[in-house]
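Colleague: I would like to learn how to read a structure like this. Could we go through some features one by one?

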Amino acid sequence: MTEVVHTPRVFSGIQPSGGLTLGNYLGAMKRFVDMQGQGVETIYCMVDLHAITVWQDPAKLAHATRELCAGFIAAGIDPAQSILFNQSQVAEHTQMAWIFNCVARMGWMQRMTQFKDKAGKNAQNASLGLFAYPALMAADILVYHATHVPVGEDQKQHLELTRDIAIKFNNDFGTEFFPITEPVIEGAATRVMSLRDGSKKMSKSDPSDMSRLNLTDDADTIAKKIRKAKTDPEPLPLDIEGLEDRPEARNLVNIFAALNDQGVEDVMRDMGGKAFSEFKPMLADLAVAKLSPISGEMDRLMQDPAEIDRILANGADKARGIAAPILKKTYEIVGMVGAGA
Ligand code: AMP
Ligand code: TRP
């Protein structure tokens with residue numbers, strides 16, 4: 001059989017489950033912007049159906065979805081160049097997810113570390129949706145035949161599962177219909193850590209607001225959080241090797257590098273040997289310079305929620321245009337009567 005070559009296409013998603021953190025921005029959104037306008041189709045989704053796998057207050061969910069859309073645009077996503085929409089407006093995602101629920105195995109899902117973390121001790125009380133979450137994520141990606149998925153390090157296991165689902169579907173039905181998606185986990189900030197604990201991921205669900213920078217934080221708050229960020233008493237080392245076993249120092253250097261579009265080695269060349277009392281104000285200035293324009297633009301966009309809703313509806317129409325024929329073909333392959341009509 002001749003090998004099917006799939007046209008490159010980028011897809012990624014972010015959950016509208018609270019505000020955006022510096023981790024989301026550096027690990028995901030900033031890299032989505034880099035991939036836009038490089039001649040490859042880019043599709044970015046607010047995954048509201050994923051968000052409700054844990055409880056969301058309806059009014060807050062709607063607000064967070066619009067705010068996330070404002071964040072995408074403020075960070076540099078152009079709705080004329082990229083397809084930007086919220087997941088629930090394109091029913092093909094859930095229709096494809098059902099097929100994948102029947103391809104994926106219970107054992108695969110049980111190994112997912114995100115499920116184990118989020119379900120906690122009382123897994124019997126977790127929603128069925130939280131368990132099936134990765135099959136919906138595979139559907140998000142494969143309903144567009146996306147070939148490349150930029151994400152932070154924490155999503156690696158889910159993307160391996162997406163590959164497993166595509167491989168099993170292709171094997172079961174004797175086809176090469178689905179591409180085997182490549183994760184794109186690159187740059188200095190694939191895993192931004194908490195400002196309070198260098199062993200924990202920076203997360204919107206951390207109870208301590210001091211642990212993270214939010215894209216909506218004002219300049220004073222950003223400066224204060226960086227000033228108070230946990231560090232050890234030593235000055236910065238002279239080279240990268242010296243950052244080993246110093247997770248908090250390494251995290252701040254990684255953040256600096258990613259914000260400044262520099263390699264970590266270049267940052268160490270400039271900053272190596274400096275005391276934190278000197279380095280932290282430089283980092284704070286850089287963070288304010290890069291993040292304040294984004295939060296200002298988000299505020300401006302949020303003044304006109306009807307315009308945001310129009311952008312999302314328009315993006316959803318474009319997304320459906322790609323997803324509908326791929327879903328139809330999938331149903332035909334599976335043997336659903338009427339799908340070929
Ligand atoms: P979520 O907010 O969980 O929907 O995550 C959206 C995107 O941000 C995913 O690609 C995550 O991998 C990425 N992300 C979230 N937190 C971090 C972090 N602390 N460091 C790097 N990337 C992150
Ligand atoms: N699970 C991802 C996260 O929590 C969000 C997500 C849902 C996603 N569907 C996706 C990311 C498809 C990339 C591609 O970060």
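Colleague: Which residues of the largest nonpolar core touch the most other members?

Modeller: Keep in mind that this is a predicted model. The largest nonpolar core has 58 residues, and Leu22, Leu26, Phe72, Leu259, Phe279 and Leu291 touch the most other members. Helix 12, residues 276–302, gives the most to this core, with ten residues.

Colleague: How far apart are the C-alpha centres of domain 1 and domain 2?

Modeller: They lie 29 Å apart. As for contacts, 14 residues of domain 1 are in contact with 17 residues of domain 2.

Colleague: Which residues does phenylalanine 72 touch, not counting those up to four places away in sequence?

Modeller: The list for phenylalanine 72 is Ile14, Met29, Phe32, Tyr44, Cys45, Met46, Ile77 and Leu84.

Colleague: Is methionine 96 buried or exposed?

Modeller: Here a cut-off is needed: buried means under 20% relative accessible area. Methionine 96 has a relative accessible area of 0%, so it is buried. Methionine 96 sits in helix 4, residues 92–101. Leaving out residues up to four places away in sequence, it touches Ala139, Leu142, Val143, Phe178, Ile326, Leu327 and Thr330.

Colleague: Which residues come nearest to ligand 2?

Modeller: There are 13 residues around ligand 2, and Gln15, Tyr133, Met137, Asp140 and Gln155 come nearest. Next, look at pairs of polar atoms. A nitrogen atom of ligand 2 is 2.6 Å from an N or O atom in the side chain of tyrosine 133. For aspartate 140, a side-chain N or O atom is 2.7 Å from a nitrogen atom of ligand 2. Glutamine 15 has a polar side-chain atom 3.0 Å from an oxygen atom of the ligand.

Colleague: How much of ligand 2 does the protein bury?

Modeller: Ligand 2 taken alone exposes 360 Å², and the protein buries 91% of that.

Colleague: Where are histidine 145 and aspartate 245 found?

Modeller: Histidine 145 is in the loop between helix 7 (128–142) and strand 4 (148–150). Aspartate 245 is in the loop between helix 9 (219–227) and helix 10 (247–259). Histidine 145 is buried, with a relative accessible area of 12%, whereas aspartate 245 counts as exposed at 75% relative accessibility.

Colleague: What does the side chain of threonine 175 reach?

Modeller: It reaches the backbone nitrogen of phenylalanine 177 at 2.9 Å. Threonine 175 is in the loop between helix 8 (156–173) and strand 5 (182–184). At 18% relative accessibility, threonine 175 counts as buried. Apart from neighbours within four places in sequence, threonine 175 is in contact with Phe169, Asn170 and Ile333.

Technical notes:
Residues numbered from 1 in each chain as written. Chains lettered and ligands numbered in written order. Predicted model: local features only at pLDDT ≥ 70, side-chain atom pairs only at ≥ 80, totals over all residues. Heavy atoms only, no water. Core = buried A, V, L, I, M, F, W, Y, C linked by side-chain atoms within 4.5 Å. Buried < 20%, exposed > 50% of the residue type's maximum accessible area, 1.4 Å probe, protein only. Helix = DSSP H or I, 4+ residues; strand = E, 2+ residues; numbered from the N terminus. Contact = heavy atoms within 4.5 Å. Near = heavy atom within 4 Å. Polar contact = N/O pair within 3.5 Å; in protein donor to acceptor, adjacent residues only side chain to side chain. Areas by Shrake-Rupley, 256 points an atom, 1.4 Å probe, with all protein chains shown as cover. Domains from an automatic or database assignment.
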